[in-house]
Amino acid sequence: RHAFADRILAPLAAYDARHHSELLRTLEAFLACDGSWTRCAAVMHVHVNTLRYRIKRISELTGRDLDRFEDRVDFHLALRLRG
């Protein structure tokens, strides 16, 4: 289970550590907001364009697409296993 979470989330954790960014926190918030761009941006106190940039970066780093249900489930499970 931990290998599954590490495989999915390790690129984001490494990026966050190198760049002092919040991709993991953004991913958690986006999923908690059921993929609502405006609600998530409000919760995170960022502009929606900032949120879009972060979600795009998450997709680039992981090779997963948050528009796909299967990828959202994988992210959700990985986050729960990690925490």
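In this predicted model, F4 touches D74, L77, A78 and L81, leaving aside residues up to four places away in sequence; contact here means heavy atoms within 4.5 Å. F4 sits in helix α1, where helices are DSSP runs of H or I with at least four residues, numbered from the N terminus. F4 and L77 lie 73 residues apart in sequence, yet their C-alpha atoms are 8.9 Å apart in space.

Residues are numbered from 1 along each chain as its sequence is written, and side-chain values use heavy atoms, with hydrogens and water left out. Local features need pLDDT of at least 70, side-chain atom pairs count only at pLDDT 80 or more, and totals for chains, interfaces and linings use all residues.

Within α4, L51, R54, I55, I58 and T62 are buried, that is, under 20% relative accessible area, whereas exposed means over 50% and partly exposed lies in between (1.4 Å probe, protein chains only). An α-helix has 3.6 residues a turn, so residues three or four places apart point the same way. The cover over the buried residues of α4 includes α1 (2-19), α2 (23-32), α3 and α5 (69-82). Just after α4, G63 takes a positive phi of about 75 degrees.

Helix α3 (residues 37-44) packs on α4 (residues 48-62) at an angle of about 100 degrees, with the axes 9 Å apart. Axes are lines fitted to C-alpha atoms, for helices over the stretch in contact, and angles run from 0 to 180 degrees between N-to-C directions. The two helices α3 and α4 are therefore roughly perpendicular to each other, a label for angles of 65 to 115 degrees. On the α3 side the contact is made by W37, C40, A41 and M44, and on the α4 side by V48, L51, R52, R54 and I55. By class, this contact of α3 with α4 has seven nonpolar, no polar and two charged residues, with Ala, Val, Leu, Ile, Met, Phe, Trp, Tyr, Cys and Pro counted as nonpolar, Asp, Glu, Lys and Arg as charged, and the others, Gly among them, as polar.

The buried residues of α3 include C40, A41 and M44. They cover an arc of only 100 degrees around the axis, which puts them on the same side of α3. Their packing partners are α2 and α4.

Helix α2 also meets α4, at an angle of about 105 degrees and with axes 10 Å apart, so α2 and α4 are roughly perpendicular to each other. Here L23, T26, L27 and F30 in α2 meet L51, R54, I55, R57, I58 and L61 in α4. The classes in this contact of α2 with α4 are seven nonpolar, one polar and two charged residues.

D34, in the loop between α2 and α3, has a positive phi near 55 degrees although D34 is a residue other than glycine, and D34 is exposed, with a relative accessible area of 61%. H45, in the loop between α3 and α4, has a positive phi of about 60 degrees and is not a glycine; H45 is exposed, with a relative accessible area of 73%.

Notes:
Angles under 35 degrees count as roughly parallel, over 145 as roughly antiparallel, 65 to 115 as roughly perpendicular and the rest as oblique. The arc is that of the directions from the helix axis to the C-beta atoms.
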